[in-house]
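Please consult the sequence and the structure shown below while reading.

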Amino acid sequence: MVEASVLPLEAPSPAHICPFDQACSYLEQAAKELQLDPGLLAVLSHPRKVVTVSVPVKLDSGEVQVLAGHRVQHSDVLGPYKGGIRYHPAVTLREVSALAMLMTWKCALLGIPYGGAKGGIALDPTRYSTGELERITRRYTSELIKDIGPEVDIPAPDMGTSAREMAWIMDTYSVNVGHAVPGVVTGKPISIGGSRGREQATGRGVMIVVREALAARGQSLVGARIAIQGFGNVGSAAALLLHEAGAKIIAVSTGSGGLFSEKGLDIPALKNYAAANRKQISGFAQGTPITNTELLTLPCDVLIPAALENQITEENAHQVQASIVAEAANAPVTLMAHKELEARGVTVLPDILTNAGGVVVSYLEWVQGLSYLFWDEQRVNREMEALMVNAYQQVIKQSQKRQVPLRLAAYTLGVGRIAQALSDRGLYP
Ligand code: NAD
């Protein structure tokens with residue numbers, strides 16, 4: 001196992017499965033398949049830059065709390081670093097490092113000229129007021145001011161953050177440099193240069209990849225039974241678009257539990273309900289309560305984990321009844337669970353493909369900003385769909401050519417492109 005010596009040791013992640021070790025294992029599998037030079041593998045196994053800053057915040061009560069904020073920049077061999085900022089209690093430096101590495105392969109797979117990065121603060125955003133969250137976000141941004149920028153590193157929303165946080169980052173950065181710099185973030189509000197279609201983009205990408213995978217099996221989205229874990233930005237957008245395409249969303253959940261309905265949930269009504277109830281779904285008029293554990297093992301055509309990593313593990317993989325698992329979240333299926341699912345003939349649609357719709361539209365937002373020309377939503381969706389379908393087809397072709405599962409196929413494409421670029425650029429002595 002390659003060990004990134006720049007990362008300090010931390011307590012094990014909640015599921016005792018280190019996301020960074022898993023990311024390195026996938027990288028090693030791809031390197032073996034590609035017969036990559038060991039020196040290149042060593043470079044790719046290490047993030048280029050790891051930053052941890054103290055984020056002191058004065059709470060509304062007057063108490064001062066100091067939080068740890070991370071930003072990990074994995075590779076900028078293709079262009080500026082790109083990656084979300086996560087606010088969640090389980091954030092660790094190793095998790096952020098793993099997610100930064102995934103971003104590198106994801107951008108390369110989609111043919112986007114970005115490198116991979118990720119940021120995060122270990123906090124539960126539901127326990128802070130809006131004012132406190134704004135102060136945290138602004139201080140975190142100001143601590144990272146020299147490490148981000150439209151040509152350096154461009155943050156975007158991830159778990160626990162949204163367009164609101166991106167607007168605070170954009171404003172803090174702009175005030176510090178003395179002029180407006182909308183290109184420092186993507187996923188920002190449309191009023192300050194955000195792209196139409198960005199909010200739903202990751203969910204739309206999930207819908208497209210699921211649609212293509214069902215079609216490859218001779219099935220249609222119409223009437224397909226789908227269960228979705230997570231009803232946040234990604235899960236709720238995927239649920240709505242799949243519902244609109246005729247699929248039956250039989251279950252969804254949030255961190256505090258889920259709802260099941262054999263005849264399919266009324267997703268537009270549920271989305272409105274969640275919006276009016278602090279993103280929670282309990283108490284909704286339709287469906288019976290189920291736990292997150294139960295949701296993952298429901299009989300269905302497609303299971304979409306759209307919350308956290310390490311949700312399908314060696315403990316529950318044998319109970320999964322879906323024939324397709326679409327990784328809308330990053331790394332929701334562990335390495336061991338992936339082996340078990342593949343052995344049982346379950347198709348696992350890998351995260352670096354399935355949830356790439358977000359970074360694709362982030363890229364389109366950046367392009368629109370740089371050209372000062374903004375497109376309507378149809379054009380954004382059309383351009384995104386073309387890139388997603390193209391990437392899906394490349395992964396299928398690579399899987400058939402190399403006789404490897406879809407994840408390894410996607411990795412060989414992403415890692416192979418970065419390795420080629422790195423070797424063309426050469427190692428600066
Ligand atoms: P979000 O914060 O908007 O929503 C997360 C959802 O997961 C919420 O419904 C929350 O209640 C639920 N959740 C939290 N803890 C849970 C638990 N222990 N069990 C079950 N559900 C739980 O986040 P998001 O932006 O929708 O991101 C979800 C996943 O998608 C993450 O893995 C993220 O990295 C990935 N992703 C997001 C984007 C994006 O554009 N937002 C892009 C690519 C990938």
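Which polar backbone atom is 2.9 Å from an oxygen atom of the ligand? The atom belongs to Gly255. The model is a predicted one, and the points below are grouped by topic.

- A polar side-chain atom of Arg86 is placed 2.8 Å from a ligand oxygen atom.
- Gly232 contributes a backbone N or O atom, which lies 3.2 Å from an oxygen atom of the ligand.
- On its own the ligand has 830 Å² of accessible area, of which the protein covers 85%.

**The shell around the ligand**
- Helix H6 (198-216) and helix H7 (233-244) are the elements that give two or more residues to this shell.
- The ligand is surrounded by 24 residues, and the closest are Arg86, Asp158, Thr202, Asn233 and Val234.
- By class, the shell comprises 12 polar, 9 nonpolar and 3 charged residues.

**Packing of helices H1 and H3**
- Helix H1 (residues 19-34) packs with helix H3 (residues 93-110) at an angle of about 30 degrees, and their axes are 7 Å apart.
- H1 is therefore roughly parallel to H3, because angles under 35 degrees count as such.
- From H1, the residues Pro19, Phe20, Asp21, Ala23, Cys24 and Leu27 meet Arg94, Glu95, Ser97, Ala98, Met101 and Trp105 of H3.
- The contact of H1 with H3 consists of 8 nonpolar, 1 polar and 3 charged residues.

Methods: Residues numbered from 1 in each chain as written. Predicted model: local features only at pLDDT ≥ 70, side-chain atom pairs only at ≥ 80, totals over all residues. Heavy atoms only, no water. Near = heavy atom within 4 Å. Polar contact = N/O pair within 3.5 Å; in protein donor to acceptor, adjacent residues only side chain to side chain. Areas by Shrake-Rupley, 256 points an atom, 1.4 Å probe, with all protein chains shown as cover. Helix = DSSP H or I, 4+ residues; strand = E, 2+ residues; numbered from the N terminus. Nonpolar A, V, L, I, M, F, W, Y, C, P; charged D, E, K, R; others polar. Axes fitted to C-alpha atoms, helices over the stretch in contact; angles between N-to-C directions. Parallel < 35°, antiparallel > 145°, perpendicular 65-115°, else oblique. Contact = heavy atoms within 4.5 Å.
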